[in-house]
Amino acid sequence: MADQLTVIVLAAGGGTRMKSKTMKVLHRIGGRSMIGHVLGAVGGLGPTRVCAVVGHQREQVGPHILESLPDAVLAVQEEQLGTGHAVRVALDALAEEGRAIDGGTVLIAYGDTPLLEGATLRWFAAEHEAAQAAVSILSGVVEEPRGYGRIVRDSEGDVLAIVEEKDATDEQRQIREINSGILAFDAGFLVDAIGRVGNDNAKGEYYLTDTVQIARDSGLTVTAFPVDDVWQTEGANDRAQLAVLGRELNRRIVTRWMKDGVTVLDPETTWIDADVVLAADVTLLPGTQLLGTTVVAEDAVIGPDTTLEDCEVGEGARVVRTHGQQAVIGAGANVGPFSYLRPGTTLGAGGKIGAFVETKNAQIGDGAKVPHLSYVGDAEIGEGTNIGAGTIFANYDGVDKHRTKVGKHARTASNNTFVAPVTIGDGAATGAGTVVRKDVPPGALAVSMGQQRNLEGWAQRKRAGTAQAAAAEAATAATAEGDDR
């Protein structure tokens, strides 16, 4: 490509058809905003300069763009007066920042084409430069061109014009090559031509596509390069179109991972975000969603019916019917079914978080187990410890959160409550039903229940006339009859 590459991303439109308080380009698919996908493609080119044109809700859109490309220049289009006006605003903003365009190639992209790939932009720019064109159009050949501007060529195949459907003749409407809106310009031509674009049209707007006629009138070359993968040029104007693009993007992501050695039993019900990282020989079962920056190591099995967001899963781990956020699952560990791992959960190698267990801000050591029906919040559980079924880590006193520490190789019984802050020492144990309010020394057994008492005949006296009392009466009589024999 040329020594200088400038990319202008148009993202000022309001997107009213989304019917949303969220700006159109900020709607998300595949774990990123639509414009986030575009900026990822643009950033991969290593451009000399990037300018993003913002307008509606720029207080949200601008910072979001700078998170992806901190060196981008933001140009504010106060009134949306067409694509030509937007590019003029961008050129002015670059000049004001001391980064005026003085040569090379200028690419025009749109913030609502999330399937656009950097490789396609690189190819397009290279073809444009090789043709020594003033203007190049990224086009596509589609089965149903209705609604798109048509690329009109002469008998030699040279581009004559872009004709919008409303202005096209019946013959031109039969043309299947369409304008994607993504353009490449010789920088010198663009800087000169943009000031010559007028607004003498029904909408009173400045159309960037008018530069095609300006180039033709100047005897300069105009080219169009059809992209094989037309999906990359598709935009989303409403939520139905966004969902279609989201499914196609997911299909591509899932297919790529399968080709890289990941087993996906049911691609139709498996969703993987763009920033997820998977190792070879990972297995994903039906109903799995891997979101955000989740990383899964070799030989791990995820699913079925599991959602992990920003999680890390170690080699050979098994996660079944689980919802996890910002959690770390160690190598060879087992989680689920029906577990809820909240942020700050770390499960060590070979550990277990079992059925109907919720964890939060909990560090569970190697080989430690929380197998059943428990809540573990603000806790540290040592290596090899087993937490009994139905245990509650009571971490909140109504004002502040406190931590519980359970040492190594401890054995706590069922139906315990640990009232934080409290420490249970290495090798200690607790009795069933114990409420631990004080520290337990290493190796000690903690019990808090008094001796059991049986109040004979209670049901007959206190529940007289009920099925309970009748059953008790019958059983008592049967026992007495047996004793008499």
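This is a predicted model: local features need pLDDT of at least 70, side-chain atom pairs count only at pLDDT 80 or more; totals for chains, interfaces and linings use all residues.
Visitor: In which sense do strand β1 (residues 5-11) and β6 pair, and over how many bridges?

Guide: Two strands count as paired if DSSP finds at least two bridges between them. Here β1 and β6 run in the parallel sense, and six bridges join them. Residues are numbered from 1 along each chain as its sequence is written, and side-chain values use heavy atoms, with hydrogens and water left out.

Visitor: In which sense does β6 pair with strand β10 (residues 177-186)?

Guide: These two pair in the antiparallel sense, over four bridges. To find the place, look for Leu 107, which stands opposite Ala 184 in β10. The strand names come from DSSP runs (E, at least two residues; helices are H or I, at least four), numbered from the N terminus.

Visitor: Which residues of β6 point one way and which the other way?

Guide: In a regular strand the side chains alternate between the two faces of the sheet. In β6, one set is Thr 105, Leu 107 and Ala 109, while Val 106, Ile 108 and Tyr 110 point the other way.

Visitor: How many residues of strand β6 (residues 105-110) are buried?

Guide: Buried means under 20% relative accessible area, exposed means over 50%, and partly exposed lies in between (1.4 Å probe, protein chains only). Six of the six residues in β6 are buried, so the strand is largely enclosed by the rest of the structure.

Visitor: Which residues have the most contacts inside the largest nonpolar core?

Guide: A nonpolar core is a set of buried Ala, Val, Leu, Ile, Met, Phe, Trp, Tyr and Cys residues joined through side-chain atoms within 4.5 Å. The largest one here has 69 residues, and those with the most contacts inside it are Ile 8, Val 87, Leu 107, Ile 108, Ile 137 and Phe 185. Helix α3 (residues 83-96) gives the most to this core, with seven residues. Apart from it lies another core of 54 residues, which includes Leu 249, Val 262, Val 357 and Val 422.

Visitor: Which residues does Ile 8 touch?

Guide: Contact means heavy atoms within 4.5 Å. Not counting residues up to four places away in sequence, Ile 8 touches Cys 51, Val 53, Val 87, Ala 90, Leu 91, Val 106, Leu 107, Ile 108 and Ala 109.

Visitor: Which residues does the UniProt annotation "binding site" cover?

Guide: The UniProt record, an unreviewed entry, places this annotation on Asp 112 and Asn 237. The two are spread over 126 residues of sequence but cluster in space, the largest C-alpha distance being 8.1 Å. Such positions are given in the numbering used here with shortened feature names, and annotations may be inferred rather than shown by experiment.

Visitor: Where is Asp 112 found?

Guide: Asp 112 sits in the loop between β6 and α4 (118-130). It counts as buried, at 13% relative accessibility. Asn 237 is in the loop between β11 (222-226) and α8 (239-259), and this residue is partly exposed, at 24%. Leaving aside residues up to four places away in sequence, Asn 237 touches Arg 17, Met 18, Lys 24 and Asp 112.

Visitor: What joins the side chains of Asn 237 and Lys 24?

Guide: A polar contact of 3.1 Å joins them. The term means a pair of N or O atoms within 3.5 Å; within protein, one must be able to donate a hydrogen and the other to accept it, and residues adjacent in sequence count only if both atoms are side-chain atoms.

Visitor: With which residue does Lys 24 form a salt bridge?

Guide: Side chains of opposite charge can pair when their charged atoms come close. A salt bridge is a side-chain nitrogen of Lys or Arg within 4 Å of a carboxyl oxygen of Asp or Glu. Lys 24 forms one with Asp 112, and the closest N and O atoms are 2.9 Å apart. Lys 24 lies in the loop between β1 and β2 (28-29) and Asp 112 in the loop between β6 and α4, so the pair ties together parts that are 88 residues apart in sequence. Lys 24 is buried, at 12% relative accessible area.

Visitor: How many salt bridges does the structure hold?

Guide: There are 17. Lys 360 and Asp 378 form a salt bridge with closest N and O atoms 2.6 Å apart. Lys 360 belongs to strand β28 (residues 358-364) and Asp 378 to strand β30 (residues 375-381), 18 residues apart. Both Lys 360 and Asp 378 are buried. Salt bridges also link Asp 229, Glu 248, Arg 251 and Arg 252 in a network.
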